[in-house]
Amino acid sequence: MIVILTGAGISRESGLPTFRGVDGLWEKARIEEVATSSALRRDPARVYRFCNAMRAAILSPGVAPNPAHYALARLQAEAAGEVVLVTQNIDDLHERAGSEEVLHMHGEGLKARCRRCGFVLCWEKDLFGSEDCPECKARKALRPHIVLFDEEPLYMGEIRRALDLCGLFVSIGTSGSVYPAAGFVSLVRARGVRTLELNLEPSLNRGAFSEAFYGPASEIVPKFVNRVLSGKHAPNSGKV
Ligand code: NAD
């Protein structure tokens with residue numbers, strides 16, 4: 001089994017700014033201050049505006065999957081063993097490239113969720129907090145299906161099981177600054193498993209990886225996938 005973790009860097013060449021490249025779209029504010037549950041209580045309109053801007057960015061005409069997203073979809077379809085794709089991204093570019101199973105640990109920008117019953121639905125318009133839940137009919141109950149910075153990420157049970165079983169862990173386009181995702185490499189490395197970083201530049205976690213390749217995701221990810229599919233990047237333990 002291979003576990004792939006992707007971050008904002010894989011979508012940079014698709015036209016979406018990274019976390020560190022915050023400018024314009026993400027408002028002139030620190031993301032941690034705009035996207036927290038305390039901000040949601042204090043100034044909900046600001047958090048909704050921020051999430052609306054992210055949704056609009058994902059839907060803007062020039063934004064489309066790049067060769068890195070397509071290569072990972074091909075890896076999932078053609079690899080001999082299971083490939084678990086975990087993303088910190090809230091965009092839908094992995095799905096648009098053809099990936100069928102994606103664990104969006106930080107939620108999805110194009111979905112809304114009922115605060116009352118937890119119902120999740122596709123949502124492409126602006127959200128204002130005044131919308132009722134179509135399932136349980138609770139009034140003013142819909143919120144963005146995005147994990148705010150002080151909330152528990154999604155799919156942690158599935159992700160921990162995959163980290164326990166994998167024979168290769170690959171981190172792509174993530175700076176290693178957001179936990180718990182930034183801690184996955186150390187958990188896997190403690191079992192002696194190969195850990196690979198693919199990034200534009202060394203991340204904060206560089207020392208925890210057994211190998212690293214640097215360059216734009218659209219170039220280095222397809223090369224990595226070709227190597228795996230031709231048997232040159234076999235995991236060193238666990239089941240393939
Ligand atoms: P980050 O912004 O902290 O780090 C991005 C990393 O990508 C950096 O290490 C940078 O060197 C690298 N990078 C930049 N351009 C690259 C390229 N062309 N090819 C390869 N690597 C490249 O991102 P993060 O670690 O994912 O953490 C940011 C948080 O913000 C996450 O929670 C994420 O969900 C969220 N976010 C999501 C999106 C999105 O959905 N597309 C965009 C911005 C932020």
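Is Tyr 48 buried or exposed? In this predicted model, Tyr 48 has a relative accessibility of 4% and so counts as buried, since the limit for that word is under 20%.

## Buried residues in the helices

Tyr 48 belongs to helix H3, which covers residues 44-59. Its C-alpha atom is separated by 9.3 Å from that of Val 34, a residue 14 positions away along the chain.

Further along, helix H4 takes in residues 67-78, and Gln 76 is part of it. With a relative accessibility of 19%, Gln 76 counts as buried, because the word applies under 20%. The side chain of Gln 76 makes a polar contact of 2.8 Å with the side chain of Ser 99.

Helix H8, made of residues 217-229, holds Phe 224. Here the relative accessibility is 3%, and Phe 224 is therefore counted as buried. What distance in space goes with the 152 residues that lie between Phe 224 and Leu 72 in sequence? From C-alpha to C-alpha, Phe 224 and Leu 72 are 9.5 Å apart.

Strand S2 consists of residues 83-87, and Val 86 lies within it. Val 86 has a relative accessible area of 1%, so it is buried. The C-alpha atom of Val 86 is 6.0 Å from that of Val 102, although 16 residues separate the two along the chain.

Gln 88 is placed in the loop between S2 and helix H5, the helix of residues 93-96. Gln 88 is buried as well, with a relative accessible area of 11%. Along the chain Gln 88 and Gly 7 are 81 residues apart, yet their C-alpha atoms are separated by 5.2 Å.

## The ligand and its surroundings

An oxygen atom of the ligand lies 2.5 Å from a polar side-chain atom of Ser 175, and an oxygen atom of the ligand is 2.8 Å from an N or O atom in the side chain of His 106. With Ala 217 the backbone takes part, as one of its N or O atoms lies 2.8 Å from a nitrogen atom of the ligand. Taken alone, the ligand would expose 860 Å², and the protein buries 93% of that area.

## Backbone features in the loops

Which peptide bond is cis? The bond from Tyr 179 to Pro 180 has this form, with omega near 10 degrees. Pro 180 lies in the loop that runs between strand S7, residues 168-172, and helix H7, residues 184-189.

Lys 140 has a positive phi of about 50 degrees although it is not a glycine. Lys 140 is located in the loop between strand S5 (120-122) and strand S6 (142-146). Its relative accessible area is 54%, and because exposed means over 50%, Lys 140 is exposed.

Tyr 155 likewise is a residue other than glycine with a positive phi, in this case near 60 degrees. The loop that contains Tyr 155 runs between S6 and helix H6, which covers residues 156-165. At 32% relative accessibility Tyr 155 is counted as partly exposed, because this value falls between the limits of 20% and 50%.

## A side chain that reaches a backbone oxygen

Asn 205 is found in the loop between strand S8 (194-199) and strand S9 (211-214). Despite its place in a loop, Asn 205 counts as buried, because its relative accessibility is 14% and the limit is under 20%.

Conventions
Residues numbered from 1 in each chain as written. Predicted model: local features only at pLDDT ≥ 70, side-chain atom pairs only at ≥ 80, totals over all residues. Heavy atoms only, no water. Polar contact = N/O pair within 3.5 Å; in protein donor to acceptor, adjacent residues only side chain to side chain. Areas by Shrake-Rupley, 256 points an atom, 1.4 Å probe, with all protein chains shown as cover. Helix = DSSP H or I, 4+ residues; strand = E, 2+ residues; numbered from the N terminus. Buried < 20%, exposed > 50% of the residue type's maximum accessible area, 1.4 Å probe, protein only.
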